[in-house]
Each structure stands twice: as C-alpha cells, then as structure tokens.
Amino acid sequence: MLDKKLQVIPLGGLGEFGMNMTAIRFGDDIIVIDSGMMFPDAELLGVDLVMPDLSFLKENQEHVRALLLTHGHEDHIGAVPYFLSEIDVPVYGTAFTLALIDRRLEEYDLEHEPRFHKVTPKQIVEIGPFKVEFIHVTHSIVSSVALAVTTPLGVILHTGDFKVDPTPTDNELFDLHTFADYGKRGVLLLLSDSTNADRAGYTESERAVRPRMEEIFSRAERRVVVSCFSSSIHRIQLVLDLAQEYGRRVAVIGRSMVAVTEIAHSLGLLNIPDGILLRPQDAMELAAEKVAVLISGTQGEPMSALSRVAVDNHKNVSVESGDTVVLSSRIIPGNEKAIFRMIDHMARRGADVLYGSMNPPLHVSGHASVEEMKLVLNLVRPRFFMPIHGEFRQLSKHARLAEHLRFAGLEESFVLETGDLLEIDHHGARKAGRVPVGRVCIDSGSVDDVVGEVVIRDRRHLSEDGIVLPVIAINRHTGRVEGLPEIVSRGFALAEDGSVFMQNARQMLSKTLEGSNQEEKTDWGVMKEKIRADLKRYIVKETSRRPLIMPVILEV
Ligand SMILES: [Zn+2]
Ligand SMILES: [Zn+2]
C-alpha cells in the first residue's frame with residue numbers, strides 16, 4: 001500500500017476566481033472536493049455560466065468514488081448538476097448545501113437519481129482508502145465545513161472557504177479544537193483559502209454589520225430595500241430581526257431569494273418571526289414606513305429583481321423618492337459598471353442608495369484575513385502547504401506567509417495553478433506535471449427570474465449552430481430605436497424560408513424594444529440581455545437550434 005502515490009490535483013479555482021474543484025487520488029481511487037462555477041466576464045459575451053472542464057475525471061471515471069462539498073456558494077457547488085450529468089457518484093455535504101443543489105437540479109434532466117449523503121460536522125465517512133471528517137467552520141454562508149481527509153500516507157486538511165468569526169450570529173463556532181487536534185497528531189498537507197491574502201489583520205465578525213443596519217432601520221422614513229446574496233442567511237436573518245424590531249413587514253423578492261429563504265427556514269436555519277412576511281404584490285399597498293424589501297440582484301445582473309426595480313420594470317416593487325436602498329454585499333470585480341448603472345437609476349428617482357465600504361460596515365467579508373490565516377497555519381502546522389482559492393498573487397502571498405511563520409515541521413509550500421499536479425509519496429512532495437483542464441461554457445435560461453431549460457454545450461463547437469448578431473440602432477438623443485433591427489448571422493443556415501424567419505425575428509425584436517420603458521432603453525446592459533433572451537427563446541422554439549447570440553447596440 002505504501003508504494004502507492006498520493007496526488008492532489010486542483011481542477012479549478014487556483015490562479016482564477018471561482019470554479020473551485022480539487023481531486024485527491026490515492027493509487028487509483030479519486031475523491032473530488034467541490035465543483036463550482038464561475039460567472040463569465042465581458043470576455044465571454046453571450047455565455048451564461050462557466051464550469052470546469054471534466055476531461056480528467058471522465059478519463060478516470062471508474063475510479064471516482066465521491067464528490068464532497070464544503071459549502072453552498074456557487075463557486076463551490078454551481079457545477080454539481082453538470083458534474084452529475086457526466087459522472088454519477090455519491091455526493092456528500094451538509095443538509096443546507098445539498099438542498100441548494102437539489103433546487104438547481106430541477107432545471108436539469110439527470111439520467112440517474114442523485115445519490116446524496118447528508119453529513120453533519122464531526123461525522124466521519126469512509127470512502128475507499130479515504131476517511132473523511134467534516135469540521136464546522138465560519139463563513140458567510142451557514143453550514144460550511146472543512147474536510148480532514150485521512151489517507152494511508154497522512155492527513156490532508158482542506159479548509160473550504162472560511163473566516164475565523166469569534167462571534168458568529170448563529171453562535172455556531174469555528175471548530176478550532178478539531179483543527180488543533182489534527183495539528184497535534186500531524187497533518188501531511190494543508191489546503192487553505194487564500195481569497196483575502198492581501199488583507200491585513202482580522203476580518204470583522206458578521207455581527208459588525210448590525211450597527212449600520214440598525215441605524216438605517218431606525219432613521220428610514222420610507223421603504224427600506226435591502227439586497228444581499230440570497231445565500232447570506234445570516235444577513236437575511238438580521239434584516240428580518242430588525243424589521244420586527246422597527247415595526248416593518250418584509251416582502252421577499254426574486255426567485256433565488258424566495259427559494260433559499262424557504263430552504264433555510266425549512267431546515268431550521270432561519271427564524272422567520274410570525275406574520276412578518278408580506279406578499280410581494282402587497283409591497284406597495286402598505287404604508288411605506290411599514291415596509292422592508294429583501295431582494296436579490298446585488299451584482300447588477302441585468303435580469304435580476306433589483307435591476308428590474310432600478311429601471312422601474314418590476315411587477316411588484318418600485319423605488320420611490322425618499323426610499324432607502326442598501327447593497328449589503330461586495331462589488332465583485334468586473335461587475336462595477338452594471339452595479340453603478342443600477343445605482344444611478346435608483347438615485348435618479350430620489351432614493352438614498354447605500355453601497356460600498358463604510359464604517360461601521362454594510363457588509364463584511366466571509367474570508368479570512370492574514371491574521372486568521374496565520375492562526376490556522378499555526379494550529380495545523382502542516383508538513384506541506386498548498387494555498388487554494390485565489391488569483392496567483394494571493395496564493396503566493398499566502399505561501400510566503402506560511403514560510404515566514406517558520407513553525408517547526410513545514411517542509412515546503414507549493415503554489416500551484418489549476419491543472420498542476422502535486423505528488424506525495426514517502427520520499428516527499430513535488431510538482432509532477434499537468435492534467436488537462438479548461439472551461440466549459442453553459443447556456444441557460446437567464447440567471448435569476450426566468451426559469452429556463454439548461455443546456456450544456458461547449459462554445460468551442462460554434463460550428464454546430466453558428467452565431468447570430470442582432471444589431472439595434474438607437475438614437476443617442478431621443479433614445480428611440482431607428483428602423484427595424486437588423487440580424488446578421490454566420491453558420492446559422494436555415495434550410496427553407498430563411499428570409500421569412502429572419503423577417504419575423506426582426507418584428508419580434510421590434511416588439512421587445514417597444515415594450516421596454518425609457519430607462520431600460522438607456523441601459524444597454526439591460527437591453528442586450530432582453531434582446532438576447534427574447535431572440536433565443538424565439539430561435540429555439542422555431543428551429544430547436546441554439547446559436548451564440550451577441551446583441552450589438554449602435555448609437556447613431
Ligand atoms: Zn469560494
Ligand atoms: Zn464561499
């Protein structure tokens with residue numbers, strides 16, 4: 001047994017933001033930790049989601065024993081439905097994490113029933129040559145765990161995402177004792193979250209958000225609209241609690257916000273005070289000073305509930321002069337334009353929009369800063385260290401941090417990138433080549449409110465369905481659309497009646513444009529997304545094909 005090698009293979013999330021996935025192999029047996037997705041940036045126009053390439057795992061399919069999940073953030077579980085449609089293995093995770101995946105699976109059509117195994121912290125499961133203990137950690141989402149994987153060559157400790165919150169709002173403490181126990185017995189390799197490696201000091205406790213929120217609730221004279229990630233159960237709980245204290249009822253708006261709130265409530269992770277919920281359609285009926293709104297869409301996603309509210313195109317909620325809008329989340333790099341455009345819309349109609357960093361904070365990070373990273377390193381004292389979750393600069397900072405600590409026993413730190421292979425045997429550890437990795441782009445319905453069938457396809461195979469460019473000319477001064485939209489296509493050939501089809505598609509787009517209000521028309525992000533969604537629906541319905549659709553808006 002001892003001449004078998006141990007391999008640790010990051011398949012996503014190292015040297016890139018999101019898409020976290022790591023394989024651990026001993027001999028032939030493989031377990032996979034997390035399977036996350038990445039939100040596409042502007043470089044991947046026309047694509048909804050990005051997932052890690054599974055070629056390496058598919059090549060070794062018969063040896064993949066299980067998928068283990070640390071927590072329910074999209075960058076850790078977003079690719080699980082795709083993973084399971086390709087590789088059918090048992091999935092281990094906490095009840096909340098599995099419930100979030102179950103919700104996503106409704107949009108997929110899996111051949112096999114998923115094999116879910118609910119775990120609780122301190123539980124140990126045996127999978128082939130591995131023994132895995134789940135250890136509770138604090139993070140911005142509830143029910144997060146680290147994994148201690150005991151292999152015949154030693155223990156690999158994978159922190160998942162974490163911060164060390166000494167005063168978590170749900171009083172579920174970070175299980176530092178178990179980390180220390182493993183440290184005392186000896187840890188072969190530590191894999192630790194590097195997201196905030198460039199932040200000195202300690203990350204504030206989730207409790208630090210309360211004073212600012214309380215101040216907002218105590219002085220707001222009209223509606224309070226709070227947007228946070230739908231997975232931020234701690235934050236949602238805070239809004240519910242403050243609404244109760246200050247005599248407001250809460251309307252929960254947005255598909256993901258409603259779904260996740262229900263899941264957390266059903267699992268006993270969210271306490272919803274009796275009679276506090278307001279039906280979305282009643283949000284504008286009650287006196288404004290009696291209403292709070294919890295809404296999804298903090299990142300300015302064009303079709304999200306908050307973006308629709310911002311351009312006054314939401315069926316239930318309007319933002320009016322004197323309302324307070326709170327973005328209780330960070331601004332993810334790459335989303336600045338969309339977020340600021342959304343804020344501008346709301347500011348224009350007279351809302352007081354609070355966002356960004358302030359003191360006391362509107363938002364605190366869920367990731368450890370440098371001092372907490374040191375704490376974990378000092379408790380675990382691994383023989384080898386490999387920073388995970390971060391861009392290359394964060395990984396290398398984290399590695400340097402470990403080397404500066406100089407605790408007894410650290411032999412070497414490895415800064416790996418996605419696809420690099422770390423090999424460990426009884427002689428030691430070393431980088432040992434690469435495995436195939438990459439990205440797969442996914443075409444779904446739309447991200448938030450529109451339920452769509454999810455189609456997995458690789459955008460490299462454009463040749464199959466071609467590309468369609470709807471071209472809209474908008475008058476810069478009047479905001480009016482000039483003429484009928486043009487549609488240019490390449491590789492999207494229609495056998496018969498092509499010109500009739502295109503003419504109808506142009507008419508249909510013209511209706512989409514007419515049906516949009518003035519504010520939407522001035523927001524190109526929103527318009528492009530609407531055009532793309534409507535044209536896609538039309539083309540799929542008429543031809544069952546899925547070309548890449550890239551709307552072009554020309555200012556004339
Ligand atoms: Zn993460
Ligand atoms: Zn996370």
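Biologist: At what angle do helix α11 and helix α12 cross?

Modeller: This is a predicted model. In it, the axes of α11 (residues 370-380) and α12 (residues 392-405) cross at roughly 55° and come within 10 Å. That angle makes α11 oblique to α12.

Biologist: Is the crossing of α11 and α12 left-handed or right-handed?

Modeller: The crossing of these two helices is right-handed.

Biologist: And which residues meet there?

Modeller: From α11, Val 370, Met 373, Lys 374, Leu 377 and Asn 378 take part, and they meet His 398, Leu 401, Ala 402 and Leu 405 of α12. By class, this contact has 6 nonpolar, 2 polar and 1 charged residues.

Biologist: What about helix α5: which of its residues are buried?

Modeller: In α5 (residues 176-185), the buried residues are Thr 178, Phe 179, Ala 180, Tyr 182 and Gly 183. What covers them includes the strands β9 (130-137), β10 (144-151) and β11 (154-158), together with helix α11.

Biologist: What follows α5?

Modeller: Gly 186 follows α5, and its phi is positive, near 105°.

Biologist: Next, Leu 57. Where does it lie, and what is it in contact with?

Modeller: Leu 57 lies in helix α1 (residues 55-59) and is buried, with a relative accessible area of 0%. Leaving aside neighbours within four places in sequence, its contacts are Leu 11, Met 21, Ala 23, Ile 30, Val 32, Val 64, Phe 83 and Ile 87.

Biologist: How far apart are Leu 57 and Phe 83?

Modeller: They are 26 residues apart in sequence, and their C-alpha atoms are 9.6 Å apart in space.

Biologist: Lastly, is Glu 423 buried or exposed?

Modeller: Glu 423, in strand β21 (residues 420-425), counts as buried at 13% relative accessibility. Not counting residues up to four places away in sequence, Glu 423 touches Lys 5, Leu 6, Gln 7, Gly 428, Ala 429, Arg 430 and Ala 432.

Notes. Residues numbered from 1 in each chain as written. Chains lettered and ligands numbered in written order. Predicted model: local features only at pLDDT ≥ 70, side-chain atom pairs only at ≥ 80, totals over all residues. Heavy atoms only, no water. Axes fitted to C-alpha atoms, helices over the stretch in contact; angles between N-to-C directions. Helix = DSSP H or I, 4+ residues; strand = E, 2+ residues; numbered from the N terminus. Parallel < 35°, antiparallel > 145°, perpendicular 65-115°, else oblique. Left-handed = near helix turned anticlockwise from the far one by under 90°. Contact = heavy atoms within 4.5 Å. Nonpolar A, V, L, I, M, F, W, Y, C, P; charged D, E, K, R; others polar. Buried < 20%, exposed > 50% of the residue type's maximum accessible area, 1.4 Å probe, protein only.
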